[in-house]
Amino acid sequence: MKKVREFLGRRSVASFLSSLISIIIGLVFGYLLLLAFDSEKALFGIKQILFAGVSSPAKIAKVLYQAAPLVLTGLSVGFAFKTGLFNIGASGQYMVGACFALYTGIVLRQPWYVAMTAAMLGGAIWGLIPGLCKALFNVNEVITSIMFNWIGLFAVNLFFSNTPKILANYYGSANANRTANLAAANARAIIPTLGLDKLLKSPFMNISILIAVAIAVVAFIVLNRTTFGYELKACGFNKNASIYAGINAKRNTALSMTIAGCLAGIGGGIYYLSGTVQYTIEKVLLSMGFNGIPVALLAQSNPIATIFSATFISYIQVGGDAMQPEFAKEIIDIIISVIIYLSAVSLLVKGLITRLAERKKEAAPSPGQDTAQTPDDSKQEATS
Amino acid sequence: MIILADIIAATVLFAVPLLLVALGGMFSERSGVINIALEGTMIIGALFGCLFLNFADQGGWGKLHPQLAMLAAVAVAAASGIVYSLLLAVASVSLKADQTIGGTALNMLAPAFAIVLTWAIQGQGKTTIYIPNWIRITKATLGMAAAAGREKGFWETLFFKSMFLTTPIAFLLLAAAIVVMYKTRFGLRLRSCGEHPQAADAVGINVYKMRYSGVLISGFLAGIGGIAFTIAAGSGFQSTVAGYGFLALAVMIFGNWKPWRILGAAVFFAFFKVIGAYSGSLAFLPDFKGVGSSQYIYQMLPYIVTMIVLIFSSKKSRAPKAEGIPYDKGKR
């Protein structure tokens, strides 16, 4: 019992448990929804959601392929969260990053790592401006980022429409509303596969997930092992206290948004430099940036946890694609939003678990009945 | 001159949803709850409002009493908005959860739910709920004879080209919002909960009740705003409100959390939006020679102008002090 108590007392364990409980309830809710729509095929639907992602090597490749940009947009949102900022502009930063990457790759004919650096730069610019507006003029970053999402969308459209060399029809294709196929324009700009595509027998597989994981590790180190990261987090916890302690909060605000922009920009680059997708001139904001928000929330902004939450969300999205046309794949979005809603509430449960464990640590060793309550309590709280 | 009437009419048409939803955001935030779920609430309001209109159309009785059916649809939209925002209220007031997280979840849930429900009702792949065409207010509605045979004049274009019941309702609600916010005891209490809930509690105001009221009023207004937007957009309900809920948030901040300024901000923003949409047919606008697809420049314009205005007006901008912080009686 004592071991259970100590185990639950650890913050990370409590976080993980509360997320896990949310996920399980979300999936059960999804199953009930499937039952409500078509009770005969519901079992097929939930099987697809749960197992389609590992049903074949190609599906695994698809999961990892979609997870890579999600990790990065999730990191982007999470990084800003750590500094007390809500970066709802990941979508715009993602699009501008993709634009810079494609221009560098297709028109300037640079190799993929240069294009990726350009993507980072593009995203950084799109994060820096809202950051500066917040730091210098105290304009709410949520509003600025929303504005910059739309400005980014139209600016990218305008730029692509006026750059004939980047469009697919310049390279012999009939389409004028999308960017060129990288294989036709500049094969060097495609992210290398290192043989992973042959291993999983899927053209979607490349090293993008490895890049994303490496960046997540770097973000973790920066946030948790450096003075700079400590300052950023201090600003997030209490801005006034951190100013009092001599931290330059304005600089940190601008920097945090810039880094968040960098991360989302790389996400855009990593997705569109895969060589398997072309950027279409869009009328609405791309959802990849917005999907970074649930990824970050599910991971509770922890960079390492972001890798897993992004993979999970990508995994059930692949499952959702597989259950079409029997069911609408939007059921996955419903499941994710239920999970997020519950995890918002379960942050309290997590606090409760740790607090209960801590309180009992201080008190004298109590009868077994008392300690056994901790795990039970957590379950009750989560379901109520 | 006709084009001027066109622009004014379209500006009003698009200002209405922004105004309603931003007022909704104002009620919620003045009570201390950041309602980022406005977008989702709009979608839910539009979904049920449009479903009701379709139902009225298929029943045949909608056509007989078009404005009555429209009023009922607005009521349905408002009610569904209230129910939906209850989810936010429970999470952020009773359970003291993070308000942005709860709101984000609801924003994600709404379009997915709308698509799934539309499919379930209309059949697979049919993602658009079409709006019947009898909902428009015409001269005949008001008992006037339609001008037959000749071109529509300035005034007729202004008032009858795109007039829907939601427009007069919006202005009534604006007046009501001003009165409730500034002339009633309820309004004063609501505002105090957004500024200093502990002090409000100390003088006997039930902070939780006030915050529930604020969020539910915002759901009411956002629901109506949702159907107003769908009608204005004109091509039926496709499980989206094109980011208008987020724009309304910007309009609310731009309007400094005050009803009159929100009206001004909504009209301002809608005007630039309409200019963007009409840029092709307005001769006096520069057409940027040498630049292809210059419509994108005009589509960017409202956002850029808003950004600039926000930067210059930021000194005076003042958010409710306690917004975003869950109220906990036990905390000081």
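Me: Which residues make helix 4 of chain A and helix 15 of chain A partners in contact?

Reply: In this predicted model, helix 4 of chain A brings A:Lys59, A:Lys62, A:Val63, A:Gln66, A:Ala67, A:Leu70, A:Val71, A:Gly74 and A:Leu75 to the meeting. Helix 15 of chain A answers with A:Pro303, A:Thr306, A:Ile307, A:Ala310, A:Thr311, A:Ile313, A:Ser314, A:Tyr315, A:Gln317, A:Val318 and A:Ala322. The word contact applies because heavy atoms come within 4.5 Å. By class there are 12 nonpolar, six polar and two charged residues. Lys counts as charged, and A:Lys59 and A:Lys62 belong to the helix 4 side.

Me: What angle do the axes of helix 4 and helix 15 of chain A make, and why does it get the name it has?

Reply: The two axes come within 7 Å and cross at roughly 135°. Helix 4 of chain A is therefore oblique to helix 15 of chain A. The name follows because roughly perpendicular ends at 115 and roughly antiparallel needs an angle over 145.

Me: Is this crossing left-handed or right-handed, and what decides the hand?

Reply: Helix 4 of chain A passes helix 15 of chain A in a right-handed crossing. The near helix has to be turned clockwise from the far one, by less than a right angle, for that label.

Me: Let's turn to helix 14. What does the angle between helix 4 and helix 14 of chain A come to, and why is the pair described as it is?

Reply: Their axes come within 7 Å and cross at roughly 65°. That makes helix 4 of chain A roughly perpendicular to helix 14 of chain A, because the class takes in angles of 65 to 115 degrees. The crossing of these two is right-handed.

Me: Which residues carry the contact of helix 4 with helix 14 of chain A?

Reply: From helix 4 of chain A come A:Gln66, A:Pro69, A:Leu70, A:Thr73, A:Gly74, A:Val77, A:Gly78 and A:Phe81. Helix 14 of chain A gives A:Met288, A:Gly289, A:Asn291, A:Gly292, A:Ile293, A:Val295, A:Ala296 and A:Leu297. The class count is nine nonpolar, seven polar and no charged residues. Gly counts as polar here, and A:Gly74, A:Gly78, A:Gly289 and A:Gly292 are among the residues that meet.

Me: How many cavities does the structure hold, and what makes such a space a cavity?

Reply: There are two cavities of 30 Å³ or more. A 1.4 Å probe fits in a cavity but cannot get out. The second largest cavity contains about 40 Å³ of space. Its lining consists of A:Gly74, A:Leu75, A:Gly78, A:Phe79, A:Ala219, A:Leu223, A:Ser301, A:Asn302, A:Pro303 and A:Thr306. Helix 4 (57-82), helix 10 (208-225) and helix 15 (303-322) of chain A each give two or more residues to that lining.

Me: Which helix gives the largest share of that lining, and how does the lining divide by class?

Reply: Helix 4 of chain A does, with four residues. By class the lining has five nonpolar, five polar and no charged residues.

Me: What about helix 11 and helix 13 of chain B: how do their axes cross, and why does that pair get its label?

Reply: The axes of helix 11 (residues 244-254) and helix 13 (residues 295-313) of chain B come within 11 Å and cross at roughly 30°. These helices are therefore roughly parallel to each other, because that label takes angles under 35 degrees. Their crossing is left-handed. B:Leu247, B:Ile253 and B:Phe254 of helix 11 meet B:Tyr303, B:Thr306, B:Val309 and B:Leu310 of helix 13. That contact counts six nonpolar, one polar and no charged residues.

Me: What makes the peptide bond from A:Gln324 to A:Pro325 stand out, and where is A:Pro325?

Reply: The bond is cis, with omega near 0°. A:Pro325 sits in the loop between helix 15 and helix 16 of chain A.

Terms used. Residues numbered from 1 in each chain as written. Chains lettered and ligands numbered in written order. Predicted model: local features only at pLDDT ≥ 70, side-chain atom pairs only at ≥ 80, totals over all residues. Heavy atoms only, no water. 1 Å grid on protein atoms, 1.4 Å probe; cavity = no way out; pocket = protein on both sides within 12 Å on 5 of 7 lines; lining within 4 Å. Points joined across faces, edges and corners; volume = space filled by probe spheres on them. Axes fitted to C-alpha atoms, helices over the stretch in contact; angles between N-to-C directions.
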